Amino acid sequence: MNNFTTDEIYQSEKSSNLPILVAEDIIKIYRTGKIETQALRGVSFTIYEREKLFLIGPSGSGKTTLVNIVAGNVKPTSGKVFWKDLLKDITRSSFEEIIKARRSFAGLISQDTRLVSHLTVKENVELVGYYANLPSSVIKQRSEFLLKFLGIWEKRNKKEDTLSGGEKKRADIAATLVTNPKVIIADEPTGDLDVITANSILDLFDKINKKLHIAMLLCTHSQNVTTRADRVLEIQDGIIIGQHESNLHLRKLEQSRLLEIDRQERIKIPESILDKLDNPKHFEIQIMDGKIVLNPIYKFKHFENKVKKVITCTICGKLAKDNSDFCKYCGATIS
Ligand SMILES: Nc1ncnc2c1ncn2[C@@H]1O[C@H](COP(=O)(O)OP(=O)(O)O)[C@@H](O)[C@H]1O
Ligand SMILES: [Mg+2]
């Protein structure tokens, strides 16, 4: 609790290189009736202490699924997630264990605020502390500090329906921080706010990151958000295709993208590049002057005209005669 005093707080501009959250080879397949959607196809990444890591990608690319998995809300189909100080892969923990461990590890923020409407701002913040079984003296001290730190002390006795969008968000953030998490995990946190309010909330995230040393994992669509990141991961079709530093332009991602080799040593070539090359299916690869050169091949020459179609009986497995309707060994219909 050393950080949560109104005394001068140590400021650090840089993230450290100690990992606080590690995701390994995350695969997620949703099954709805007979339909399967592979939302994540082997995603690995690490968040370091105090780092501001943002996740960008088109709608449907898997951002929400990924943050829900690393936050412990959703179980992956396979893969592992490790949180600092918890010596266990959380995907193998029960939801009860996760909820308990998450109180001191991660604060979750989404577009919707979770304030209880008949309680005041201050009571809402304190409530989260009571749920986490914190001593009441600690709860009082932290709530007061956070309400002042986040600029809503004046509104502490108001209820949700009298607050503006930005004030509700500040109250929600205060409630999230009362358990002193190490990382904030936020899915499009400013998506429902106007630009000016959104910017003021983003300023607050910067302040929380710098002064309270809390790391951030934030999903976003918006340009003004991404310029504030330490590092940006780009996700497409359920795979992290590359990384960017903060000076990126969402419409010109290829200018700042560093392609990522994943743990299976795969590189995904971005669709925009393949489109420009007329979508080749194969490449010849060469090393020239220390660079990898990929030469697109539009026809797969080697097997053309050499492949003979072979049909085997699906029942007995024997080779079926060309044009025969029935297997001559077992009599099954050849389809
Ligand atoms: N609960 C679910 N059931 C079935 N399919 C889902 C579910 N949630 C997400 N999906 C699918 O998984 C893919 C990734 O979705 P999502 O993680 O929400 O992406 P994003 O947040 O980047 O828009 C999409 O094709 C989406 O339709
Ligand atoms: Mg989403």
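These notebook entries record what I looked up about helix packing and a ligand shell in this structure.

**Basis.** I worked from a predicted model, in which local features need pLDDT of at least 70, side-chain atom pairs count only at pLDDT 80 or more, and totals for chains, interfaces and linings use all residues. Residues are numbered from 1 along each chain as its sequence is written, while chains are lettered from A and ligands numbered from 1 in the order in which they are written.

**Entry 1: ligand 1.** I listed the residues around ligand 1 (C-beta atom, placed from the backbone, within 6 Å of it): Y30, T32, T37, A39, G57, S59, G60, S61, G62, K63, T64 and T65. Two or more residues of this shell come from each of β1 (19-32), β2 (35-48) and α1 (63-70); helices (H or I, at least four residues) and strands (E, at least two) are DSSP runs, numbered from the N terminus. Helix α1 contributes the most, with 3 residues. I then sorted the shell by class and found 2 nonpolar, 9 polar and 1 charged residues. Here Ala, Val, Leu, Ile, Met, Phe, Trp, Tyr, Cys and Pro count as nonpolar, Asp, Glu, Lys and Arg as charged, and the others, Gly among them, as polar.

**Entry 2: helix α3.** In α3 (residues 121-131) I found V121, K122, N124, V125, E126, V128 and G129 buried, that is, with 20 or more other C-beta atoms within 10 Å of their own, C-beta atoms being placed from the backbone. Their cover includes α4 (136-149) and α5. Just after α3, I noted that N133 has a positive phi of about 60°.

**Entry 3: α3 with α5.** The axes of these helices (lines fitted to C-alpha atoms over the stretch in contact, with angles from 0 to 180 degrees between N-to-C directions) come within 7 Å and cross at roughly 25°. I therefore recorded α3 and α5 as roughly parallel, the term for angles under 35 degrees. I found V121, N124, V125 and V128 of α3 in contact (C-beta atoms, placed from the backbone, within 7 Å) with A171, A174 and A175 of α5. This contact has 6 nonpolar, 1 polar and no charged residues.

**Entry 4: α5 with α6.** Helix α5 (residues 165-177) packs on helix α6 (residues 195-212) at about 20°, with axes 10 Å apart. That makes α5 roughly parallel to α6. On the α5 side I listed G165, G166, K169, R170 and I173, and on the α6 side T197, S200, I201 and L204. These contact residues divide into 3 nonpolar, 4 polar and 2 charged.

How values were computed. Angles under 35 degrees count as roughly parallel, over 145 as roughly antiparallel, 65 to 115 as roughly perpendicular and the rest as oblique. Two residues are in contact if their C-beta atoms, placed from the backbone, lie within 7 Å. A residue is buried if 20 or more other C-beta atoms lie within 10 Å of its own, exposed if 12 or fewer, and partly exposed in between; C-beta atoms are placed from the backbone.
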